[in-house]
Amino acid sequence: MSKPVVLIAEELSPATVEALGPDFEIRNVDGTDRPALFSALADANAVLVRSATKMDAEAIAAAPNLKVIARAGVGLDNVDIKAATTAGVMVVNAPTSNIISAAELTVGHILSLARNIPAANQSLSDGKWMRSAYTGVELYEKTVGIIGLGRIGALITARLQAFGVNVIAYDPYVTSARAQQLGVQLVTLDELLETADFITIHMPKTPETTGMIGTPQLKRMKPTAYIVNVARGGLIDEEALHEALSNNVIAGAGIDVFVSEPPKESPLLGLPNIIVTPHLGASTGEAQEKAGVSVAKSVRLALGGELVPDAVNVAGGVIDPYVRPGIPLVEKLGQVFSGLTHSPLTSVDVEVHGELNDYDVSVYKLAALKGIFTNIVSESVSYVNAPLLAEQRGIEVRQITDAVSEEYRNIITIRGALSDGSQISVSGTLTGTKQIEKLVGINGYDLEMPLDKHHVVLLYTDRPGIVAVYGEKFGSAGVNIANMQIARHEAGGEALSVLTVDSPVPDGVLDEIRDATQATLVREIDITE
């Protein structure tokens, strides 16, 4: 078999290629050369880009075999995410690759503002010796206000606390317990603006946060205070900042990002009390290499049909370590579920009960759909196109969570309605320190059986000798029964038998068992990893 083709459209580090490994055919193309790019995309399964290559709708349409677009960096302005999703193409980036670099640059801006380092350097380079003109301030015992206490904000906190500063923060999505863990006091935005000697902003750019620091907010700051933005251009209103700096409303600013880049003819560039850098937040060798290696690993997962935590067009986002072990379990439950269906699905509920109620488990819905469709559609199923497959088939999909789980710490159930009016449900859980995947329920019958590669499910009227009947049939066919459980609601009623067998069942054997037992359900379920 030929190897999947991975197209590298821009210069990436040798470590990126090494991280891809030997399982792919690596090709290179100049992504800015559109005809060459389109030609190379014709049989590409994945493409790795930085910021120069435009993966728009036209480029995606030229790549019929494409499964993943990987951006070795954070921004995705050069990727048409909507067009990619419509085409069933996963889009991944490297959202954490530059967080240390961005945090260190922020600290660098703060130190430069406090000690006038750039201006003093330029003055001395010009042959001047002006020590008194560049008297600065110590960070020790100053108050630093962080707007946005996410991953970068937390890194900045840890680094600045070594200077003996007092850190306060505004973030409406951070709990007081988390802030206390970081050694930070949560305050309102107004309190932060009025109190801090240095302010740094680390918020995502949204309609709500664009221009969130404008004239009213700058006027609340101390006249001796400084503000830094290495996050996103436009979080600080540039006109308002120019006015505040020009009129000494605040002491100074450090800016790495702008509304328009490069910021040609920006009035901010000529001010003496501002330090500017050309969007250097991710511009370190380490960050660039981390980005490449990160997306290379994501490409490996994506082409293997696995969940990619950094996929931007897949719901679920970053997956909590407590949630992650349940993903393969849910996918296998989906395969068991689809193996029991006998008519088209009309709706699917993914129910999560127990301690997982406190976590974001939206990824379980994707895992369930991927498992359900894996063995019932001809196309390759991924976490990207599984919801689209459900939508195309008119299947209503819901996720339900609650904290009640009477027998297990957590239990996950996939429940579905079929077009003939019947319902199917399968339940599973993880048990023990080894987190063993177990099937614990089918259609209301209670079980506790480890999930394996080959299972057979039988439903028949309970009566003496029935186990010997199908046991003999499997034995005669050379199929070894490794495990078996029988569940029933009452003696003499219907019994559900679930068997684990060591190998696939030969053709015809299940028909013989059905005839010999008068079973109403006989299904072989093979689970793929």
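Leaving aside neighbours within four places in sequence, Leu430 is in contact (heavy atoms within 4.5 Å) with Pro325, Gly326, Leu329, Gln435, Ile436 and Glu437. The model is a predicted one, in which local features need pLDDT of at least 70 and side-chain atom pairs count only at pLDDT 80 or more, while totals for chains, interfaces and linings use all residues. Residues are numbered from 1 along each chain as its sequence is written, and side-chain values use heavy atoms, with hydrogens and water left out.

Leu430 lies in strand β16 (residues 423-431); helices (H or I, at least four residues) and strands (E, at least two) are DSSP runs numbered from the N terminus. With a relative accessible area of 21%, Leu430 is partly exposed, a class that falls between buried (under 20%) and exposed (over 50%), using a 1.4 Å probe and protein chains only. A separation of 35 Å is found between the C-alpha atoms of Leu430 and Ile81, which are 349 residues apart along the chain.

Turning to the sheet, seven strands form an open arrangement in the order β8-β7-β6-β9-β10-β11-β12, with parallel pairing; two strands pair if DSSP finds at least two bridges between them. At the edges are β8 (185-186) and β12 (274-276), each pairing on one side only. Four bridges link β10 (residues 226-229) and β11 (residues 252-255) in the parallel sense, and Asn229 has Ile255 in β11 as its bridge partner.

Helix α5 (residues 99-115) packs on this sheet and touches β9 (198-201), β10, β11 and β12, its direction making about 155° with that of β10. Axes here are lines fitted to C-alpha atoms, for helices over the stretch in contact, and angles run from 0 to 180 degrees between N-to-C directions. Helix α11 (residues 238-246) also packs on the sheet, touching β10, β11 and β12, and its direction makes about 145° with that of β11.
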